[in-house]
Amino acid sequence: MPELPEVETVVRDLRPLLVGRSFQTANVGELSLRRKWDVDWNEKLIGRSVVSIQRRGKWITLHFNDGPWLLVHLGMTGQFTVNAAAEPLPDHTHLRFGLSGRADELRFRDVRRFGSFDLFTVRAQLEAFLDARLGPEPFAVDPKYFQKKLSGTVRPLKAALLDQSLIAGVGNIYADEALFAAQLHPSTRANDLTAKQCERLRMAVETVLIKAIEGRGSTIRDYIGGSGLRGTFQNEFTAYGRTGEPCVRCETPIEVLRIAGRSSHFCPKCQVANE
DNA sequence: CTGTAATCCTGCGAGC
DNA sequence: TGCTCGCAGGATTACA
């Protein structure tokens, strides 16, 4: 569910609610998340305060005072929020951490349990984990790097954009939205693009993500920000989920294809394949 | 090495 | 109503 704009929104919401405060209590549910953990959350985190919370790709990092780094992924349905401790506990809440100073707590709710929590003792371990998986942030991509990467693969553009090691943070929604904005067909072979088209796509990715962050991300079903607010960018979709609806540019009905295992929405008239 | 499928998990909407 | 099927913002693994 959550792609870069949603994760960024969660981090921005949580930052003022967490930084400088310490974890007082840990409450761990019966079911573990994607990776089975053998971590004693009480031992590792209780009594420590949050130094920083940041985003890298779709991952969230929490740095604790004099200690470990916590790495969190929201998977498809993860919700990472601060709530009043008295607020009723919804189903599928797997972790809770009581916070110092006020009667509230950090909660992790995840219906499908594709999310993950990992703990690293030193920063270098965390960075090695992330660097092994992630390419550059979309806002700091060298145009030449992007061209080179695309020219080096025959994969469809949609698959290339979803590859986190090429660019970090783009998921199914924003891949479709960026391809629509750049007027490129999702099944176009990446190495068929001209330099100009590569640059158009790179800029489209950046623009779409910035606009989505401004809208606090997209809520299709489960996504909420760190303070519980829904996103609004779903109201501005031009391609994703608009199958059969008129293209905002030419009114041709939007079509959907399965590419790289994901449904891919596009305008068959103004997103032309390079053949 | 490259690229696509299957997998993990729960819920929901469509169709019968 | 109630059942089955397919699909859903993702990452990883297993295989062609």
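**View 1. Helix 1 lies across strand 5, strand 6 (93–99) and strand 7, running at about 30° to strand 5.** The model is predicted: local features need pLDDT of at least 70, side-chain atom pairs count only at pLDDT 80 or more, and totals for chains, interfaces and linings use all residues. Residues are numbered from 1 along each chain as its sequence is written, chains are lettered from A and ligands numbered from 1 in the order in which they are written, and side-chain values use heavy atoms, with hydrogens and water left out. Helices (H or I, at least four residues) and strands (E, at least two) are DSSP runs, numbered from the N terminus. Contact means heavy atoms within 4.5 Å. Angles run from 0 to 180 degrees between N-to-C directions, with axes fitted as lines to C-alpha atoms, for helices over the stretch in contact.

**View 2. An open sheet is formed by four antiparallel strands in the order 1-6-7-5.** Strand 1 (23–28) and strand 5 (78–84) stand at the edges, each with a single partner strand, so one side of each has no neighbour in the sheet. From one strand to the next, the twist averages 20°. Two strands pair if DSSP finds at least two bridges between them; strand 5 and strand 7 (residues 104–110) run antiparallel and are joined by seven bridges. Opposite A84 stands D104 in strand 7.

View 3. Five bridges link strand 4 (residues 69–73) to strand 8 in the antiparallel sense, and H73 stands opposite S116 in strand 8.

**View 4. Strand 2 and strand 3 form a hairpin with two residues between the strands.** The two strands pair in the antiparallel sense over six bridges, and L62 in strand 3 is the bridge partner of I53. In this hairpin, G57 takes a positive phi near 60°.

**View 5. W59 and F129 form an edge-to-face aromatic pair.** Rings of Phe, Tyr and Trp (its six-membered ring) pair if their centres lie within 6.5 Å; planes under 30 degrees apart count as stacked, over 60 as edge-to-face and the rest as tilted. By this rule there are 10 aromatic pairs. For W59 and F129, the centres lie 5.5 Å apart and the planes make 85° in an edge-to-face pair. W59 belongs to strand 3 and F129 to helix 3, so the pair ties together parts that are 70 residues apart in sequence.

**View 6. The residues around DNA strand B include R34, R113 and T153.** A residue is near the strand if one of its heavy atoms lies within 4 Å of it. Of the atoms of DNA strand B within 4 Å of the protein, 67% belong to sugar or phosphate and the rest to bases. A polar side-chain atom of R34 lies 2.7 Å from a base oxygen of DNA strand B, whereas one of T153 lies 2.8 Å from a phosphate oxygen.

Notes
Polar contact = N/O pair within 3.5 Å; in protein donor to acceptor, adjacent residues only side chain to side chain.
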